[in-house]
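Have the viewer open and follow along.

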Amino acid sequence: MNQSATDKREELRRLPARTTSPLFLRRLITGSLLVCLFVAALAVLWLTHSRNQDIEDARTTTQNLTKILEQYVAGTVRQVDLSLLSAQDEVRRQIASGGIDAKVLNAFLAQQQDHQPNILSLRATDAEGVARYGRGVPLAGGPKNSDREYFIRARNESPSSLIITKPVFTRLDKKWAIVLARRLSQPDGSFAGVVYINLALEHLSKTFSGIDVGSHGVVSLRDAEMALIARHPELKGIGIDVGSKVVSQDIQRLLKAGRTEATYYTPTGSDNIERTVSFRRIGDHPLYVIVGLAHDDFLAEWRAEAVGVVSLVALFFLLMFFSSRLLFIAWKRQTESEWQLKTIIETEPECVKVLAPDGTLRQMNRAGLDMIEADSEAQVIGRKLINLVVAEHRQAFIDLGRRVAQGESGTLEFEVVGLKGGHRWLETHAVPMRDGKNQIVGLLGVTRDITTARTAQQEIEHLARANTLLLKSVGEGIYGVDSANRTIFVNSAAQAMLGFTETELLGQEQHALFHHRLKEGGSYPANQCPVWLTLKDGQIRREENEWFWRKDGSGFPVAMTVTPIVENGSRVGVVVIFQDITERKANEAKIHDLAFYDPLTRLPNRRLLLDRLKQTMSASQRSGCFGALMFLDLDNFKSLNDAHGHAVGDLLLIEAANRLNACVRDVDTVARFGGDEFVVMLNELSTDRTVSTSQAGIVAEKIRSALAEPYLLTIEREGNADMTVEHRCTASIGIALFMDHEASPDGILMWADGAMYQAKEAGCNSVQFASGVPQPVGAGENVSANLVQFTWRSAYKCGNPLIDDQHRSLFGDANRLLTAMLAGRPTDEVAVLIDVLILDVVQHFKDEEAIISAVGFPGAAEHAAIHRKLVDGAGDMVRRYHAGALDIGELFQFLARDVIVQHILGADREFFPYLKNRREEAGLAAVTCPRSGIPGTQSGQRRLPER
């Protein structure tokens, strides 16, 4: 027993050899083959699963890419359509103001085009299809586009629809583009031309080229007929393949079935490449985005993995061969003598054990005892090894023992917990042991420690998952850091955005390298960095307003997602995915500017004014201070427009805005309400009404004096010397003092507006305070008792009883609507009053046209056209109000002021002399209203429109 293992082996070699049993040899070979086949089958199953997973990942990737591209293209169409709608509104405004001013319209279109750097051009045609307006259009007019698809459709289709065409080669820009267009209409609804935008195919191709779909992948945009619009990569060059309808039969079949999005596999696409393809329709537009990933690209890593697995299987076969050979040698030596078998087992570097049929341990060599952390055989002999196997592998261990007990052999990988608590992964090969009667009397197992190999395999799988994540996130910046906050991997998109090379980034502390400063320039503490926080607490973080710094020192805003990397229950690092959101921030700023500021004067518009008014009212509630709202109207602004045009009028409005700003404090607000009307809101006045009234009056007088100063307006004339026009323009100012929530914001505006009209009636160039105190919304039917209302005066009479009665009745309709609004009446009641007002306006216009035509008023046709424009505008605004797209205050401003008061006190006065001078000869007595009674007095007989 004191001999060394070497001495024992030498002694065994001197013993006589015995004849090998053919039966045992056959069984050994059969068992080895079965094990090899089992391992080979596992390898095939693994590779098949891995390949299927890669294919499924490719399907997910194509679906995600089509969603992203659908959102991008739809967003581009929305931005382009916003420019078209703006241009359409500008043309409509100019036509309504007396005709299109080419210089103003060209400047407007150029400004809109500058807001859309991705478009080739923004232009407008006349009704004959000749390009007249826009950047790059010759003075004599551009080519005639009446044969273009968009022009024909705009002329024949609904004026409210957006038109998107197939790609065309533009006649002025000489580039391939798709055209988005909208119809232009005269005030009477007749066709006036088209405003259109050429969206360059180069822009789409450039966008598609930024998406990594592999060497053989493809991204394309097609129309509803599958005609090609744009493709990356281009087969022959931009525009050469435009219109090609060569697509797979699969997508044709899916489209015929009514599918708007789908994912499918095609063995041979239009270029005979095997791909996984996803397509998706872009909103309601006749456009489809298609993304295809080539199997040769995304299965390349799998093929490399297959080579590795096959190599491992081959290595296992060699190990199996040598293990079987050793087992054969061990069996042969066992037949020589018991001590020979004991010596072989004890000298075997792998665990060799013998189990009884019930699973109890009979014998185990030293290597096996070390694996289960036993100091001697006495600790484990007679015990069942199943108790050392972890719970999740016990059933498989039992099944293996059952198969061996039935005469089979098998291999199993499982985890055990040693007697001292250590965990190990083992791989065992078990065969049955038979006696001289060929009866199974036990199990012989050869086991090796595969903990190191298993850990290595898990690390390989971990790296594979990380690589897959990188591939899926192409286009976004991705980098990973370890637990020490050092960069361990970074993709090419992140390198490009940061300006660092991979060598410069790897191993560096990411926060100190490119995340160390705030946007404002101050230091960014490392312990506040989202990456550091996630390393600490393991929480996923999504940040929208972080700031990264490039290698050259420039910064850019990012949206970033920080996700922890967890391995075996421990955080070992984080993955950061980020996007450069510079363009998105710029677009948000532009949208905010367009939404809240007047584009001409750069003053706050009505929406921003109402928001600040609400804030001021809330502040007044806390401080107890009064606020004041001034409603200003320029008294003789129209004469300047009539004499010199709208461009000069715009110059005066800009100068008036500058003078207003100079008259107030920074905490106050100056807003343009529309046309030549402005609103000034004064904050933080006194807590005493009298003092506040005095303060507001001083500012109002200051404003009135400033606006009354002469205006020197320089007119730029093409080809001629500039001309300076001097104009004097006074202002009528109405002031409403308010405190807390005495009335709604719209109520305060109307209160000040009424005071402004009182200033007008007082002779213009004056300041008028609103009388009384506004009642809070919902105060009851008497809410109008202390409010300024539209007052009918004898000076408004024209001398015709019917017209005067109708005018007076319309003032009453407006006051009833105002009362209901400020009293907070139910929406249905307000809607009825709106319908009554509209019906009375329509009937009045009809009666008035009959009367002024009978008296021979020469401007009767033009006056009727004004009526139609007002009725159409009122109808449109009422529809928007019912649809929830317009608030009641804006609707009332138009109906009461523009349609009733301003029209009665303005346009109607042109025919008053004809009624007075030709009353007798016109035979007015014969002109009767088709409806009996005075408008507004017999509302019970009206048939109101159904909503």
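Which residue forms a salt bridge with Arg59? In this predicted model, the partner is Glu56, and the closest N and O atoms of the two are 3.9 Å apart. Both residues belong to helix α2, 3 residues apart, which is about one turn of the helix. That spacing is handy: an α-helix has 3.6 residues a turn, so residues three or four places apart point the same way.

## Salt bridges

In general, side chains of opposite charge can pair when their charged atoms come close. The count for this model comes to 33 salt bridges.

| Arg59 | Glu56 | 3.9 Å |

Arg448 has 26% relative accessibility, so Arg448 counts as partly exposed. Glu427 is down at 10% and therefore counts as buried.

There's also a network of salt bridges, which links Glu373, Arg424 and Asp449.

## The whole chain

Stepping back, the chain has 28 helices and 28 strands. Of its 947 residues, 46% count as buried. The chain exposes about 46500 Å², with 53% of that supplied by carbon and sulfur atoms. Among contacts between residues at least 6 apart in sequence, 59% join residues at least 24 apart.

## Nonpolar cores and a surface patch

In soluble globular proteins, nonpolar side chains tend to be buried together. The largest nonpolar core here has 55 residues, and Leu109, Leu180 and Leu221 have the most contacts inside it. Helix α2 (residues 22-96) gives this core its largest share, 17 residues. A second, separate core has 51 residues, including Ala752, Ala770, Val878 and Val899.

What does Leu221 touch, leaving aside its neighbours within four places in sequence? Its contacts include Leu204, Phe208, Ile229, Ile282, Tyr288 and Val289.

Leu312 sits in helix α8 (residues 300-336).

Is Gly129 buried or exposed? Gly129 counts as buried because its relative accessible area is 0%. You'll find Gly129 in the loop between β1 (119-125) and β2 (131-134). Leaving aside neighbours within four places in sequence, Gly129 is in contact with Pro143, Lys144, Asn145, Ser146 and Phe151. From C-alpha to C-alpha, Gly129 and Pro143 are 8.2 Å apart in space and 14 residues apart in sequence.

Ser692, in helix α21 (residues 689-708), is likewise counted as buried because its relative accessibility is 0%. Beyond its neighbours within four places in sequence, Ser692 is in contact with Phe626, Leu685, Ser686 and Leu737. Phe626 is 66 residues away along the chain, yet the C-alpha atoms of Ser692 and Phe626 are separated by 6.5 Å.

## Helix α20

One more stop is helix α20 (residues 646-662), which has 17 residues. From its first C-alpha to its last, α20 reaches 24 Å, close to the 24 Å expected at 1.5 Å a residue. Which residues of α20 are buried? They are Val648, Gly649, Leu652, Leu653, Ala656, Ala657, Arg659 and Leu660.

Definitions and conventions:
Residues numbered from 1 in each chain as written. Predicted model: local features only at pLDDT ≥ 70, side-chain atom pairs only at ≥ 80, totals over all residues. Heavy atoms only, no water. Core = buried A, V, L, I, M, F, W, Y, C linked by side-chain atoms within 4.5 Å. Buried < 20%, exposed > 50% of the residue type's maximum accessible area, 1.4 Å probe, protein only. Helix = DSSP H or I, 4+ residues; strand = E, 2+ residues; numbered from the N terminus. Contact = heavy atoms within 4.5 Å. Areas by Shrake-Rupley, 256 points an atom, 1.4 Å probe, with all protein chains shown as cover. Expected span 1.5 Å × (residues − 1). Salt bridge = Lys/Arg side-chain N within 4 Å of Asp/Glu carboxyl O.
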